[in-house]
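Please keep the sequence and the model in view while reading.

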Amino acid sequence: QPCTDARYLQPRPSAASYDPMAAAGSNMARSNPDLRKRIAELTLAVAEREGIAPAQVPAELVTQSGGGLDPHLSPPAAQVQVARVAKARGIDIATVERVVARHIEAPQFGVLGQPRVNVLQLNLALDALAR
């Protein structure tokens, strides 16, 4: 789900504009100058948005998943967004951190993949705090 409001965690970029009927990667090779330029520009934009150094921007915040629709981020990619989300919502950082921690999913079957956070479910949980 695309999110532009500062109150929400941002997902990975989508090569399919978040359209499930057009799910696909960008098909650009790592050596493609256009891909490198896009990643560099996104890295600077994310760093500015989150108030962090470009070197601290997790890769999945500037790269697309293979299918272009991955709803998950790593816990570190969620964590770099916590201060912005807390400020925009007018709540303390510790509250957002607790919600993020509750939404960390373990690797599938305990061994496949890495810990991850479903951005949509996390954003819905943050919205529920206001109720």
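A salt bridge joins the side chains of R84 and E50, with N and O 2.8 Å apart; the term denotes a side-chain nitrogen of Lys or Arg within 4 Å of a carboxyl oxygen of Asp or Glu. Because R84 belongs to helix 3 and E50 to helix 1, this pair ties together parts that are 34 residues apart in sequence. R84 is buried, with a relative accessible area of 12%, and E50 is likewise buried, at 9%. Here buried means under 20% relative accessible area, exposed means over 50%, and partly exposed lies in between (1.4 Å probe, protein chains only). The pair is part of a network of salt bridges that links R49, E50 and R84.

The model is a predicted one, in which local features need pLDDT of at least 70 and side-chain atom pairs count only at pLDDT 80 or more, whereas totals for chains, interfaces and linings use all residues. Residues are numbered from 1 along each chain as its sequence is written, and side-chain values use heavy atoms, with hydrogens and water left out.

The protein chain contains five helices and three strands, arranged from the N terminus in the order α-β-α-α-α-β-β-α. These elements are DSSP runs numbered from the N terminus, helices being H or I with at least four residues and strands E with at least two. Of the 131 residues of the protein chain, 35% count as buried. Among contacts with a separation of 6 or more, 58% come from residues 24 or more positions apart, a contact being heavy atoms within 4.5 Å.

Helix 1 (33–50) has 18 residues and reaches 26 Å from its first C-alpha to its last, close to the 26 Å expected, where the expected span is 1.5 Å times one less than the number of residues. At its N-terminal end the helix is capped by N32, a side-chain oxygen of which lies 2.7 Å from the backbone nitrogen of D34. After the helix comes G51, whose phi is positive, near 70°. The buried residues of helix 1 are L35, T43, V46, A47 and E50. Viewed down the helix axis they fall within an arc of 100°, so they line one face of the helix; the arc is that of the directions from the helix axis to the C-beta atoms. Helix 3 is included in what covers these residues. On the face turned away from the buried side, helix 1 carries the exposed residues P33, D34, K37, L44 and E48.

K37 also takes part in a salt bridge with E41 (3.9 Å, N to O). Both residues lie in helix 1, four residues apart, about one turn of the helix. An α-helix has 3.6 residues a turn, so residues three or four places apart point the same way. K37 is exposed, with a relative accessible area of 52%, while E41 is partly exposed at 46%. A further salt bridge connects D5 with R7, their closest N and O atoms being 3.4 Å apart. D5 is partly exposed, at 32%, as is R7, at 29%. A search of the whole structure finds six salt bridges.

Attention now turns to helix 4. Its buried residues, within the run 93–102, are T95, V96, V99 and V100. T95 counts as buried because its relative accessibility is 17%. Its side chain makes polar contacts with the side chains of D92 (2.7 Å) and R98 (3.2 Å). A polar contact is a pair of N or O atoms within 3.5 Å; within protein, one must be able to donate a hydrogen and the other to accept it, and residues adjacent in sequence count only if both atoms are side-chain atoms.

V96 and V100 also belong to the largest nonpolar core, which has 22 residues; together with L9, V57, L61, L122 and L126, they touch the most other members. Such a core is a set of buried Ala, Val, Leu, Ile, Met, Phe, Trp, Tyr and Cys residues joined through side-chain atoms within 4.5 Å. Two or more residues of this core come from each of helix 1, helix 2, helix 3, helix 4 and helix 5, and helix 5 supplies the largest share, four residues. L122 touches L9, V99, V100, H103 and V117, when residues up to four places away in sequence are not counted.
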